[in-house]
Structures are given as C-alpha cells and as structure tokens.
Amino acid sequence: MKVSLVHDYLREYGGAEKVLEVLNEVWKDAPIYTATYEQDLMEKSGLEVPPPLVHTAFTQFLPFRYQLRKHYFFLYPLAFRSLNLDSDVILSSCSYAAKFINKKRSLHICYLHSVPKFLWGYETETPSLETIFIDNYLKPIYKGILPQMKRILRKMDFEAAQKVDFFVANSLITQERIKKHYGLSSKVIYPPVDINEFGGEVVDKGYFLVISRLSKFKKIEIAAEAFNKFNKPLKIVGDGQESANLKRLSNSNIEFLGRVSRERISELLLECTALVFPTDEDFGIVPVEAMAAGKPVIAFRGGGALETVVEGKTGKFFDYQTSQSLLKVLKEFDPSRYNARDCREQAKRFSKERFKKEIKVFLEGAWKNRT
C-alpha cells in the first residue's frame, strides 16, 4: 500500500504542521505534496520533515509567491488539481485546498483541521476576500464581484468535499461543521501532542504565559489589556503582524519573547503559573502542551478548549472574549487548587502515540474494506 501525504502549504509552523510531522513519522517514506514550501523559513521554525520528500505545485514558482500569497490564495485549488499522484491512499492534512487533490483511483482520507473559515463565515486568521482586495485601486470592481466570487468558491469547496472518501475531524467542533456545510459524517481523532517533551520538573516562578502567533484572530490583545490591569508578569511567546500593536498597548509587566526554541517553550511551560489561552480554536494544541507540563489553563469558554480542559481540575474558563471577562477570572484564579498530576493525566488523552495508533488503524481499515 503506497501512501502520499498532502498539506495545504508550508509557510508557517503551527498545529497543522505538527500533525504533518507525526504523519511523516508513521509513513516515513510517503511523499508530501503542498502548494508552496518556504524551506528556509520552515526549517528555522522547527519543522522536522525531510525536504527531499516535499513536492510542490506550480504555485511554488509564481513571482513574489510569499509577498503576494494572499492574492494567490485562489489558485491553490487549481494547484492541487494539477498534481498527479501515484498512490493507493492519499491522506490530506487540510484546512482549505488540499482536499481538492486529484485523487484519480486513489482512496482519499482527509484529516480536516477546519472548514475554510473565510468561506463559511467564521472568524479566521486567513484574510477575508474584502481584506485582500478592497484596499486598492480596484475597489469599485471588487465590491461588485466579491459576493459572486464567494458563492463560486463555496460551491467549489462543497463539491471537492463530496469527492473525499473519508473525513477525519480534529475535534467535535470540526465534526459538526463537516456535517453542517458538507452534509457528511466523519470520525474524530484528536491531534497529537508529544507529552514526553514536557516531562520535566514542575515549578512556579510567578508569571503567566501566552504562546501564540500574534494575529488579530488569536485575540492576544485581550490578555495584554487584562494584564495591564492585573499587573502581574505575563510572558508572550510568538510573533506576527500584531506584534508591534501589542507591544504599544502593553505595560512593562508584559514581556515579549518572540519566537523561541521548542526546548525553551518546554522550560517556560514548566515554570509558569498558568497558560492563558484567549483564542477560539477548532482544537488548540497549546493548552494540551501546558497540561502535559503539569500546568493549568485559563481559557476562553469556546472551541476545542472545551474538549481538552476540565474546568476546576485542569483549568478555568472565562465566558466572553473580552479583557474584562478574563480579568475577572484572573482575580479569582488560585493556582494551589490545581494538581500537576491531574493536568498530566488529562494530557495523556491526546498523546502522540495514541494519535499514531488511531490514524494508522483508521487508514488501514479503510483500505482493507475498499479492497
């Protein structure tokens, strides 16, 4: 059985790329197909995938592909359609266009991180069509064609989903959206977390921690505004387009660390008081990593955190994505109520070993039933 892996694009390192790394560990020789691959950037970010395995579509050779990536976004479905894979099974890691892969007679299993939020009306890091096009001299034209463009892209996305043989969802939220927008059933297999990476000694050095890309979607300004008033140390790991704005609005008790190594992230988690997670993610790997380090999570009551964090045992929720709501919970938060052992036991539910076993059993079972 020959397996090929397909991934939307390799230009940033996040939860989806961590999943791809583990899929590569399971199928070590499987080729990886993607729209674009920023090799230097991904290697600096820590992606552990052998570069010789990576194959790209024509979108890799477009002029200024990284700088104009927002404008080329609509070519990605065509890019995946243009690829010809010689595989028995295609396993796509997808939140947008990888599901468009030309499967021919292959069995296509799609591990879906999210439906394309920019098409289906959800808040997202991906720029809306309006953001991409309106702020330029073509504004009058684009205002007229954008509604039709959205309808066409939604129709294309729906039709591509119908050609997938099996969907695997990364969370119950994603499973619900697959049913709602595509009318299809799916199996939930939670993403992998390398819990052994966070197995060091647990201490509390008195600071709270945020680990995130710094984009508007992530709502990190909520944490900054809350800690301006809470006046306890907050360390923020990550960078992004909102970095400068966040630094401007933050008081001196908030420290920006930028990108750091995986080893440093482990140290920071082991030594923090708690992780602060203000984002509404479909799953969200960082809260599980915090629990693997024995630390509680203060999370927004929404998205995948509701499936990973146990309120009163491994963390506490705030009800609204506002600094006031977070600040109220911070003032009530008592770290002594949380046990490192309980946090680590909860994290085991999402271990890398569990994911490897479940995805391998699912793929082999689907292939066996087909043949």
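User: Contact here means heavy atoms within 4.5 Å. The model is predicted, so that local features need pLDDT of at least 70 and side-chain atom pairs count only at pLDDT 80 or more, whereas totals for chains, interfaces and linings use all residues. Residues are numbered from 1 along each chain as its sequence is written, and side-chain values use heavy atoms, with hydrogens and water left out. What is included in the cover over the buried residues of α14?
Analyst: Helices (H or I, at least four residues) and strands (E, at least two) are DSSP runs numbered from the N terminus. The buried residues of α14 are S323, S325, L326, L327, V329 and L330, where buried means under 20% relative accessible area, exposed over 50% and partly exposed in between (1.4 Å probe, protein chains only). The cover over these buried residues includes β8, α9, β11, β12 and β13.

User: In what order do the 6 strands of the open sheet stand?
Analyst: Two strands count as paired if DSSP finds at least two bridges between them. The pairing in this open sheet is parallel, and the order of its 6 strands is β10-β9-β8-β11-β12-β13.

User: Which residue is the bridge partner of I298 in β13?
Analyst: β12 and β13 are paired in the parallel sense over 4 bridges. On both faces β13 is covered, with G315 and F317 on one side, K316 and F318 on the other, and all of them buried. Within β13, I298 has as its bridge partner K316.

User: Which residue of β11 is the bridge partner of L209?
Analyst: Strand β8 (residues 208–211) pairs with strand β11 (residues 274–277) in the parallel sense over 2 bridges. The bridge partner of L209 in β11 is L275.

User: At about what angle to β13 does helix α14 run?
Analyst: Axes are lines fitted to C-alpha atoms, for helices over the stretch in contact, and angles run from 0 to 180 degrees between N-to-C directions. Helix α9 (residues 220–230) lies across β8, β9, β10 and β11 and runs at about 165° to β8. Helix α14 (residues 323–332) lies across β8, β11, β12 and β13, and its angle to β13 is about 150°.

User: Which residues is E12 in contact with, leaving aside its neighbours within four places in sequence?
Analyst: E12 is placed in the loop between β1 (3–7) and α1 (15–26), and its relative accessibility of 30% makes it partly exposed. Its C-alpha atom is separated by 17 Å from that of P116, which is 104 residues apart along the chain. Setting aside the neighbours within four places, the contacts of E12 are E17, M42 and R213.
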